[in-house]
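Please read this briefing beside the sequence and the model. It begins with the overall architecture and then goes through confidence, packing and selected residues by topic.

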Amino acid sequence: MEISMEDIVMKLIVNAGQARTKAIQALREARACKFEKAEELMKESEEVVNLAHEFQSELLRDELDEKKSGGHEVNLIMVHGQDHLMDAITVREMAREMIDLCRQLHEKQCL
């Protein structure tokens, strides 16, 4: 059974949103000096962002196939899905840096 482009984009959006949410939760845990929980959440964030990447790759493959067979236009929902993925990636990168800073500050305070 073939999945529609809209279904693929929705899966991209949902997984990217979960990745972003887990990264923000991880940052909140790090601010509370709960670094093990923060790392667990960052790992979960990575897993779901990887799923989102898989759906993005599927969209790209479909786009190439469509171009070979006559093409279709990029639509708003596809752009929206890409925005969600890029937002999740950016939030994850910033959360990683901020968690590391929280850890460094915590270690200095404990010396």
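The protein contains three helices and zero strands, where helices (H or I, at least four residues) and strands (E, at least two) are DSSP runs numbered from the N terminus, and from that terminus on its elements run α-α-α. This is a predicted model, in which local features need pLDDT of at least 70 and side-chain atom pairs count only at pLDDT 80 or more, whereas totals for chains, interfaces and linings use all residues. Residues are numbered from 1 along each chain as its sequence is written, and side-chain values use heavy atoms, with hydrogens and water left out.

**Confidence**

- The average pLDDT of the protein, the predictor's confidence in each residue on a scale from 0 to 100, is 88, and 89% of the residues score at least 70.
- Confidence is highest in helix H1 (residues 5-31), with a mean of 94, and lowest in helix H2 (residues 35-68), with a mean of 88.

**Surface and contacts overall**

- Of the 111 residues in the protein, 31% are buried, the term standing for under 20% relative accessible area, with exposed meaning over 50% and partly exposed the range in between (1.4 Å probe, protein chains only).
- The accessible surface of the protein, computed by the Shrake-Rupley method with a 1.4 Å probe and, for residues, with only the protein chains shown counted as cover, comes to about 7500 Å², and carbon and sulfur atoms account for 54% of it.
- Among contacts in the protein (heavy atoms within 4.5 Å) that have a separation of 6 or more, 79% join residues 24 or more positions apart.

- Leu59, when residues up to four places away in sequence are not counted, touches Met5, Ile8, Val9, Leu12, Met78 and Gln82.

**Helix H3**

- Helix H3 (residues 76-110) has 35 residues and reaches 50 Å from its first C-alpha to its last, which is close to the 51 Å expected at 1.5 Å a residue, where the expected span is 1.5 Å times one less than the number of residues.
- Among the buried residues of H3 are Met78, Leu85, Ile89, Arg92, Ile99 and Cys102.
- An α-helix has 3.6 residues a turn, so residues three or four places apart point the same way.
- At the start of H3, a side-chain oxygen of Asn75 comes to within 3.3 Å of the backbone nitrogen of Ile77.

- Ser45, whose place is in helix H2, is buried with a relative accessible area of 0%, and among residues beyond four places away in sequence it touches Ala19, Lys22, Ala23 and Arg92.
- The side chain of Ser45 reaches the backbone oxygen of Ala19 at 2.7 Å and makes a polar contact with the side chain of Arg92 at 2.8 Å; such a contact is a pair of N or O atoms within 3.5 Å, of which, within protein, one must be able to donate a hydrogen and the other to accept it, while residues adjacent in sequence count only if both atoms are side-chain atoms.
- Asn15, in helix H1, is likewise buried, with a relative accessible area of 10%, and, leaving aside neighbours within four places in sequence, is in contact with Val48, Leu51, Ala52 and Phe55.

**The loop between H1 and H2**

- Ala32 lies in the loop between H1 and H2 and is partly exposed, with a relative accessible area of 44%.
- The C-alpha atoms of Ala32 and His106 are separated by 9.8 Å, while the two residues are 74 residues apart along the chain.
- Cys33, in the loop between H1 and H2, is partly exposed at 38% relative accessibility, and its phi is near 65°, a positive value in a residue other than glycine.
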